[in-house]
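User: Please go through the labels attached to this model and say what each one rests on.

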Amino acid sequence: MKFAELFTGFLICLLRILRLFSRKKTTIFMDNLYENNVECIDTYSQFVFMQKKGYKVYYILKRQNPFYEKLRKSKKLKNVIIVNGSDDIVKKAFVPLIFAKNIVTAFCNFNMKHPVKRLTADFFYSDKTINYIYLNHGVTFLKKWVLDYYSPKFYNKLVVSNVYEKEIYKKEAGWRDENLIECGLSRWGCLKKEKHQQKNIFIFFTWRTSFNKNNYEQSLYYKRLISFLTNSRLQKLLSQNNIHLKIAFHHAFNARNIFFEKCENFVHVVDASEISLHIKTADLFITDYSSIVFDFMFLDIPVIFYKLDWDDPKLNKEDIESAYYAMTKDRFLYNCFYYEGDVIDKIAFYIAHGFVLEKEFAEINSSFFYTKNNIQLLFAENLNKL
C-alpha cells in the first residue's frame, strides 16, 4: 500500500505540473467502480451522447463489471478506460487527466480511509481548474442520509432535478445556487416506453444497512415480501389477467452475497444490471422509498409505495430514521401504503383501469422534473458553460 500511495502521489504531482500547460477541454465520466454487478447507465448515457456529438470525452469502467465484456465484444471501447477499481484511476487515466476540464461521477467511488483513493478524490476536488461534478444516481427526496455523501465538501458541482431537491441541498447540505446544475439525470434521456403485449408489474425495494448474510431472513422486510408475493388474491389477479410479476434487488444485496432464493419460486428475478430495460415495459411499479421510483414517474407509469417494514424494531438506527424520513414525504406523493391488503386493492384498481395513471397523480409527477426534454443536450451545454 505504501508504494501505491507514493506512486499515486508522484503521478498527481506530475499531473499538476503538466496541467499548467494544457488546454482543458476533456470530460471524464464514471459510474460505480466499487461494485461489480451494477448497471452502467448514469454517466455512460451522457458519455455516449456527447461522444456522438463530437465532444472530447472518456468513460472509466471497472473490468469486473459484465458491461466491460459486452462493450468489448461489440467493439465499443473507444475512449473507454478500463480500471480494476477507483485506486487505479490516476494511473490508467493519466493522459486524459492532463486535459480534463470536467470529471463527472454518479457514485461515491472513494473510500476516504483508503490512502490512494483519498489522494485521488482530493486531487479532483482541490484542483481549481477541474469541475468535479456529482451527477446524482437518483433523485434526493426520500433519503436524507445521502446528503452526507453528496456534500460540497466532496464535490464542486451537483446536478439537481427539481425545486424540492434543490431546496433540500441548499438548506440541509449547504450547497450554493451557483454550484447547483438544474437539469436532471442523464439516463432519463434514454427512457422511452416500449410497446408490449405482455402486462408487467415491476418491484424494487431499496437496501437496508441493517442486513447481513445471517439476519435478513428474520427481518419484516423479508417476511412481508414473501407474504406479498405468495398472497392468494394477488396470485389470482395475476393469473386471471395474464400479468407478469418481476422483481430486482438492490446491488448492495449481491455485493454482500445476500440472495432471496425463495422469491424465485413466485416471481421473475431481474438482474440488477438490466433494470433500465424493464422500466420501459413496466405497467406498474411497486417500491418502498427507492429513488429509482422517479424513473417510472418520469414516464407516468403508475407507482405504489409499499412501506413494508416501517415498524420493524430490529432495524438499526440509520434504517429506522430513513424509513421515518420517507414517511414525512408521503404528503408530496400518492399511493403510499403500509399494509399488504391496501397494496393489493390498488393493484386491482390499476388492472381494472388498464394501468392508466390518474390525472392528478400525473401532475404530481411533473413537479419532480425541471424538464423531460433534451436532458442530455442540456447537461452537455451546462458542462460547456462551466
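**Labels and their cut-offs**

User: Which exposed residues does the face of H1 turned away from its buried side carry?

Analyst: Lys2, Phe3 and Leu6 are the exposed residues on that face of H1. Exposed means over 50% relative accessible area, buried under 20%, and partly exposed in between, with a 1.4 Å probe and protein chains only. This is a predicted model, in which local features need pLDDT of at least 70 and side-chain atom pairs pLDDT 80 or more, while totals for chains, interfaces and linings use all residues. Residues are numbered from 1 along each chain as its sequence is written, and side-chain values use heavy atoms, without hydrogens and water.

User: How do you know that the length of H1 agrees with that of a helix?

Analyst: Helices are DSSP runs of H or I with at least four residues, strands are E runs of at least two, and both are numbered from the N terminus. The expected span is 1.5 Å times one less than the number of residues. For the 18 residues of H1 (residues 2–19) this gives 26 Å, and the end C-alpha atoms are 26 Å apart, so the two agree.

User: Which residues of H1 are buried, and why are they said to line one face?

Analyst: Thr8, Leu11, Ile12, Leu15 and Arg19 are buried. Viewed down the axis of H1, they fall within an arc of 100 degrees, so they line one face of the helix. The arc is taken from the directions from the helix axis to the C-beta atoms. Their cover includes helices H4 (89–92), H5 (94–98) and H6 (115–126) and strand E4 (100–105).

User: Is Thr281 buried or exposed?

Analyst: Its relative accessible area is 14%, under the limit of 20%, so Thr281 is buried. Thr281 sits in the loop between helix H11 (275–279) and strand E11 (284–287). Apart from neighbours within four places in sequence, Thr281 is in contact (heavy atoms within 4.5 Å) with Glu194, His196, Asn200 and Lys246.

User: What makes Glu35 and Arg256 a salt bridge?

Analyst: A salt bridge needs a side-chain nitrogen of Lys or Arg within 4 Å of a carboxyl oxygen of Asp or Glu. For Glu35 and Arg256 the N to O distance is 3.9 Å, so the pair qualifies. Glu35 is in the loop between strand E1 (26–30) and helix H2 (44–52) and Arg256 in the loop between helix H10 (251–255) and strand E10 (268–270), so the pair ties together parts 221 residues apart in sequence. Glu35 counts as buried at 8% relative accessibility, whereas Arg256 counts as partly exposed at 41%.

User: How far apart are N and O in the salt bridge of Asp295 and Arg187?

Analyst: The distance is 2.7 Å. Asp295 lies in helix H12 (residues 293–298) and Arg187 in the loop between strand E7 (180–182) and strand E8 (199–205), so the pair joins parts 108 residues apart in sequence. Asp295 and Arg187 are both buried.

User: How many salt bridges does the structure hold?

Analyst: It holds 21.
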